[in-house]
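Trainee: Could you walk me through reading some features of a structure?
Mentor: Gladly; let's take them one at a time.

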Amino acid sequence: MKTRETTSHIIGNARVPSTSEEVIEVLNPATGDQIGFIPAGTPADASEAVRAAREAKTGWSRLPAAEQAGFVKVAARRLQENARELAELVTLENGKPFDDALGGVEAGVGTLEQYAELGPLHRGKSLQGNYMAADAMIHVPYGVTAVVVPWNDPIAIACGYLGAALVTGNTVVYKPSEKTPLSAVQLVEMFELPDGVLNLLLGDARAGWPLVAHEDVDLVLFTGSVETGRGILEVAGRQLKKAVVELGGKDPMIVDERVDPAWAAGEVATGAFANTGQLCTSIERIYVHASIADQFLQELVAHAKALRVGDGFDSETEMGPLVDEGQRELVHRHVREAVEAGAELLCGGEVPDRPGFFYPPTVLSGVRSGMAVVDEETFGPVAAVEVVSSFDEALKKANGTVYGLAAVVLTPEPEHAQRASRELSVGTVKINAVFGGAPGGAAEPRKASGLGFGYGPELLDEVTTTKVIHHSHASRL
Ligand code: NAD
């Protein structure tokens, strides 16, 4: 697929070209080939999208909740019907294996369905006031909502924010990542909403920044890097508007003594290499107890070496490429600097001589704080292992970071599990499983990993503001 055509924004249900000729190339990370162009975006483009959303907001907010939810249900159904086609686009522009991309689209369908069910049930409270008065706290939409999202799980993340914002009566300007814009266009086409209720603004920071900083945007829902999130909170602070920001992580996994090293290595490999390490909850730091470290490392290296790396469209592929050259340079720099500072490279760590942005599953041991691979988000397939001599040391090191998204602890000791649950300063603690968790669970990230609930039923509280109504009786003539 090669095209020199520039994809347009979708504003008020119409294709609207950018006000500028500046474009961004969209690449297939598995080959490096160009697969499309999108506008870079301008403040005027952002203003036009916000204007459309603003014009639509009164009409949309007045619809009964069940009708708003009905529109989202239709989108969920159409997304399900077109899931494979959309997943192909995700693999094409993001690089992830097709089954993973399909899983992401299906997660998006599930989220839209859930919010369509939950939206009309999102209750306020009635209050006990005077006998002749009615007092209530009701949820009302904020209004124009900017949804700005990353490329790493583009459909699932977007569907969460879009579903929650729309079923509660907000109108939306959705700015997908410039790295995965083509699947976003197709996602927006799944919605059949009144004009201006959902608008697609393409581009990078040149579109995103004027959008989030626009005075007529009432709420920002953002998932992405710490740096961008901090800038968004600054502008939101100045304008006193609400922003939910779900940011980066540097998740630790503690491997305690007396766990089966082979099992632990499997959990770490899954956590570190899934999505080529490009998950906010990827396992990036591993603190393994000295008593099992040697066998654990051997098993981890065996897992890393056995992973089949390739094009996401090849059904044999278990791990795809990194998203682009910039990401690969960052990952490789973290690995190289760690080795120069004394870490041992047990496998991987070489940029392969092939087209695309591939990087091998990599295992480092002997890492320590002070190395970028331990202190900063790497976002690549790198398992950085430090051997520790006690559970206390592991807990302390796991907490020794600016990030606070999630953490995993593998331990057979109930007291250690309990202490980890209480003492780790993260939003999510997983004991004895790297992924998983019951539906409906939602957490607030800690420290630099963000602010607010980015998913789950609580997101409905985030996208609405509360009003108290005191309704007394009038004195008639
Ligand atoms: P990013 O911050 O570079 O970009 C995210 C989005 O913001 C993109 O749409 C981008 O175009 C836009 N953007 C960039 N600069 C902007 C600006 N100045 N103003 C407004 N918008 C701007 O992040 P990314 O590289 O796309 O995503 C990877 C990051 O996302 C990682 O740090 C990862 O951990 C994080 N992430 C977090 C979660 C979570 O739930 N906490 C989930 C997925 C990804």
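This is a predicted model: local features need pLDDT of at least 70, side-chain atom pairs count only at pLDDT 80 or more; totals for chains, interfaces and linings use all residues.

Trainee: Is E386 buried or exposed?
Mentor: Buried means under 20% relative accessible area, exposed over 50%, and partly exposed in between (1.4 Å probe, protein chains only). E386 has a relative accessible area of 9%, so it is buried.

Trainee: Which residues is E386 in contact with, leaving aside its neighbours within four places in sequence?
Mentor: Contact means heavy atoms within 4.5 Å. On that basis E386 touches I286, Y287, V288, V367, R368 and K397. Take I286: its C-alpha atom is separated by 6.1 Å from that of E386, although the two are 100 residues apart along the chain.

Trainee: What is the order of the strands in the open sheet of seven strands?
Mentor: Here is the general idea: strands of a sheet pair through backbone hydrogen bonds, either parallel or antiparallel. Two strands count as paired if DSSP finds at least two bridges between them. In this sheet the order is β14-β15-β16-β13-β12-β18-β19, with mixed pairing. Its edge strands, each pairing on one side only, are β14 (344-347) and β19 (428-431). From one strand to the next, the twist averages 20°.

Trainee: In which sense do β15 and β16 pair?
Mentor: Strand β15 (residues 362-365) pairs with β16 in the parallel sense, over four bridges. V363 stands opposite A383 of β16.

Trainee: Which strands does helix α9 lie across?
Mentor: Axes are lines fitted to C-alpha atoms, for helices over the stretch in contact, and angles run from 0 to 180 degrees between N-to-C directions. Helix α9 (residues 261-273) lies across β12 (251-255), β13 (283-289), β15, β16 and β18 (406-410), and runs at about 140° to β16.

Trainee: At roughly what angle do the axes of α3 and α4 cross?
Mentor: Helix α3 (residues 83-94) and helix α4 (residues 98-118) have axes that come within 8 Å and cross at roughly 120°. Therefore α3 is oblique to α4. The cut-offs are under 35 degrees for roughly parallel, over 145 for roughly antiparallel, 65 to 115 for roughly perpendicular, and the rest for oblique. On the α3 side the contact is made by A83, R84, L86, A87, E88, V90 and T91, and on the α4 side by F98, A101, L102 and V105.

Trainee: What is the pairing in the open sheet of three strands?
Mentor: The pairing there is antiparallel, in the order β5-β6-β22. β5 (125-127) and β22 (464-471) are the edge strands. Strand β6 (residues 134-141) pairs with β22 over eight bridges, and the bridge partner of V140 in β22 is T465.

Trainee: Finally, where is the place of N432?
Mentor: N432 sits in the loop between β19 and β20 (446-447). Its phi is near 65°, a positive value in a residue other than glycine. With a relative accessible area of 32%, N432 is partly exposed.

Terms used: Residues are numbered from 1 along each chain as its sequence is written. Side-chain values use heavy atoms; hydrogens and water are left out. Helices (H or I, at least four residues) and strands (E, at least two) are DSSP runs, numbered from the N terminus.
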